[in-house]
Amino acid sequence: MPDMSASLALTHLVPLAKEVDENKVTPGVLGFIVFAVMALAVWGLMKSMNRQLGRVDFTEEADPKAPPSEQTADPAASGGKASPAKG
């Protein structure tokens, strides 16, 4: 069945392209525009991600429900290992 749809598409598209030289086919202006839009979108997403990561506060607050022995301000005092986040 896929061969039938491909041949149907070719029969409709071939008359639109009067002379297609397979050695000179290039993406053209449309290909450049699509690539440029995708590049701008990736750049914008990376800039947004960088801005969002800059707002993240990486300091962990002590759990108020934890026993006082576990609440230390200095992580190095507890052996230097960070406990996994609970949630």
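## The annotated region

According to an unreviewed UniProt entry, the annotation "transmembrane region" covers residues 27–46 of this chain. The structure discussed here is a predicted model, and in it the chain over residues 27–46 is 95% helix and 0% strand.

## The chain as a whole

Of the 87 residues in the chain, buried residues make up 1%. The accessible surface of the chain comes to about 8800 Å², and carbon and sulfur atoms account for 65% of that surface.

## A nonpolar patch on the surface

Which residues form a nonpolar patch on the surface? The patch is formed by V29, F32, I33 and V37, which together have about 420 Å² of accessible area.

For I33, the relative accessible area is 44%, and because this value falls between the limits of 20% for buried and 50% for exposed residues, I33 is described as partly exposed.

Definitions and conventions: Residues are numbered from 1 along each chain as its sequence is written. This is a predicted model: local features need pLDDT of at least 70, side-chain atom pairs count only at pLDDT 80 or more; totals for chains, interfaces and linings use all residues. Side-chain values use heavy atoms; hydrogens and water are left out. UniProt positions are given in the numbering used here, feature names are shortened, and annotations may be inferred rather than shown by experiment. Helices (H or I, at least four residues) and strands (E, at least two) are DSSP runs, numbered from the N terminus. Buried means under 20% relative accessible area, exposed over 50%, partly exposed in between (1.4 Å probe, protein chains only). Accessible areas come from the Shrake-Rupley method with a 1.4 Å probe; for residues, only the protein chains shown count as cover. Patches are made of residues with over 30% relative accessible area and no salt bridge: like charges are joined within 9 Å, nonpolar side chains (Val, Leu, Ile, Met, Phe, Trp, Tyr) within 5 Å. A salt bridge is a side-chain nitrogen of Lys or Arg within 4 Å of a carboxyl oxygen of Asp or Glu.
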